[in-house]
Amino acid sequence: NINATARNTMADMVYRDLRMNTLRLWVSCAPGKTVNDMVTELNTNYIASGAIADITSRGVSTLLLAPGGSGAANPASIPTYADNIAETILRLRNTYGVTINVTGIANEPSGWTNAAVVSCVKELRARLDSRGLTAVKIIASEASSPGAGAIQARAILEDPDAWACLYGIASHSYGSLMVNDGMEVLKQDLKWWMTEASDGGNEVAEDEDRGCSIVARFFCELNHGVDEWIFFIGLGQTGDITGYGASSAYMMLYDIKTASVIPLLKYYYFKQALNTLDPGAIMRRTLSATEADMLCLSNQNPAISAAAGYNPDGSWGIGIVNDTGVTGSPATANNLFHAAATYNVTVRVEELAGTPGMAFTVYRSRANNHCVNSGTLTLVNGTASITIAPRELVCLRSGSTALTIPPAPNGLTASTINAPVTLRWNNTVKATG
């Protein structure tokens, strides 16, 4: 119902300018819902409304189906439940020409037993394949947090037949940074998709607490192996943003009261971060000399969160956020943040240790100062220092460079090999044979 001018402006800003590549399509699979109900809902909300056409025209290429409304308890019949999802995907293709590329099994199936999760993965794969939908990938379980996701992912891993059905494990991200690297360890050679991240409650423009804390979560999960990271809701509409209790779930809103598009501050934080670390970047493990893996330990979020990667165009991207001084949401007694402090952060990139000098453009964002080009910083032999204020996001991006791939290890021997073998050395460079 957003007017066309505002809708086009918002779609450009969110999907084109942030270079989004995935659209998550919600559909209710609650008890009693039929395939006809599901297809009608998807058509009304995404096809007839023009949402899919609008968003894919701005660069989104992957459609992810999110079966919702069914997570509170095991489905009465898992075979029937899985069959309904597969049939819905088939009808979308045959009736409307809409191809679902990836599907989940349920949204936050906290009430499902592990056995039900495992069974549904296998049943859904079989029913997709029987309809010729072999290209549709499955991710699971889309649990409410990485910790809950790891528990259900381990159950799938322990069933080889179920594991073979998966494209990736999946979770959501709310509140604090991760407490451990469980999802990274469990994914092995699959993907890890984080399919929903935001906060709860009201948010108005220029909220630094919300902006810095969710970008810190993004960096933390990038640094610990996530392959796809999806913000909950890109854009929406409200009568009055100052009283809208769910505004934090959006990147931006059209406010009817003021007849204006209101981008939330986190939109600009993400714009800066996503124009520093490109889709397809090869991430590097980032460690802190004082906070190690920069996880949330004993309910305490780290002061600084960072992520770094080598972009497809040959540039280096580094994102650093100062997560101190958060006093509003999402801070709670069980989600603690350090008192506000300005840090002088020393960046050291081991792979550039032999480079006499490499210039990086510096971008900064805070409330009322969005994606500001702040000049250059030169890393000498891969090292330089930069100051970052409380709740500030600082990003560094170099020009394009040629990456020197280290030589593969030699002198390796092996007896009978009956599966692919992956050799890893020097960060994340790998060779598979």
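Analyst: Two strands count as paired if DSSP finds at least two bridges between them. Keep that in mind for what follows, and note that this is a predicted model.

User: How do you know that β9 and β10 pair, and in which sense do they run?

Analyst: Four bridges join β9 (residues 250-255) to β10, and the cut-off is at least two, so they count as a pair. The two strands run antiparallel.

User: What makes β8 and β10 edge strands?

Analyst: The sheet is open, with three strands in the order β8-β9-β10 and mixed pairing. β8 (233-238) and β10 (260-263) each have a single partner strand, so one side of each has no neighbour in the sheet. Direction ignored, neighbouring strands here are turned by 20 degrees against each other on average.

User: Which helices go with that sheet?

Analyst: Helix α1 (residues 4-16) lies across β8, β9 and β10, at about 165 degrees to β9. Helix α10 (residues 265-274) packs on the sheet too, touching β9 and β10, and its direction makes about 135 degrees with that of β9.

User: Why is the Tyr244 and Tyr250 pair called tilted?

Analyst: Their centres are 6.1 Å apart, and the limit is 6.5 Å, so the rings pair. The planes are 40 degrees apart; stacked needs under 30 and edge-to-face over 60, so tilted is what remains. The search of the whole structure finds eleven aromatic pairs. There is also an aromatic cluster made of Phe218, Phe219, Trp229, Phe231 and Phe270.

User: What makes Gln152 buried?

Analyst: Its relative accessible area is 7%, and buried means under 20%, so Gln152 qualifies. Gln152 is in helix α6 (residues 146-157). Leaving out residues up to four places away in sequence, Gln152 touches Pro109, Trp112, Asn114, Val117, Ser141 and Ala143.

User: How do you know that Lys137 lies over the face of Tyr167?

Analyst: Lys137 is 5.2 Å from the ring centre.

User: What is the seven-strand sheet like, and which strands stand at its edges?

Analyst: The order is β1-β2-β3-β4-β5-β6-β7, the sheet is open and the pairing is parallel. β1 (22-28) and β7 (228-231) have a single partner strand each, so they stand at the edges. β6 (residues 191-197) and β7 share three bridges, which meets the cut-off of at least two. Ala197 stands opposite Phe231 in β7. Helix α9 (residues 208-223) lies across β5 (168-173), β6 and β7, at about 165 degrees to β7.

User: How do you know that α4 is close to its expected span?

Analyst: With 19 residues (78-96), α4 reaches 27 Å from its first C-alpha to its last, close to the 27 Å expected at 1.5 Å a residue. Its buried residues, including Ile78, Tyr81, Ile85 and Leu92, pack against α2 (35-47), β2 (62-68), β3 (102-103) and α5 (114-130). Just after α4, Gly97 takes a positive phi of about 70 degrees.

Notes: Residues are numbered from 1 along each chain as its sequence is written. This is a predicted model: local features need pLDDT of at least 70, side-chain atom pairs count only at pLDDT 80 or more; totals for chains, interfaces and linings use all residues. Side-chain values use heavy atoms; hydrogens and water are left out. The expected span of a helix is 1.5 Å times one less than its number of residues. Buried means under 20% relative accessible area, exposed over 50%, partly exposed in between (1.4 Å probe, protein chains only). Contact means heavy atoms within 4.5 Å. Rings of Phe, Tyr and Trp (its six-membered ring) pair if their centres lie within 6.5 Å; planes under 30 degrees apart count as stacked, over 60 as edge-to-face and the rest as tilted. A charge sits over a ring if NZ of Lys or CZ of Arg is within 6 Å of the ring centre and within 35 degrees of the ring normal. Axes are lines fitted to C-alpha atoms, for helices over the stretch in contact, and angles run from 0 to 180 degrees between N-to-C directions.
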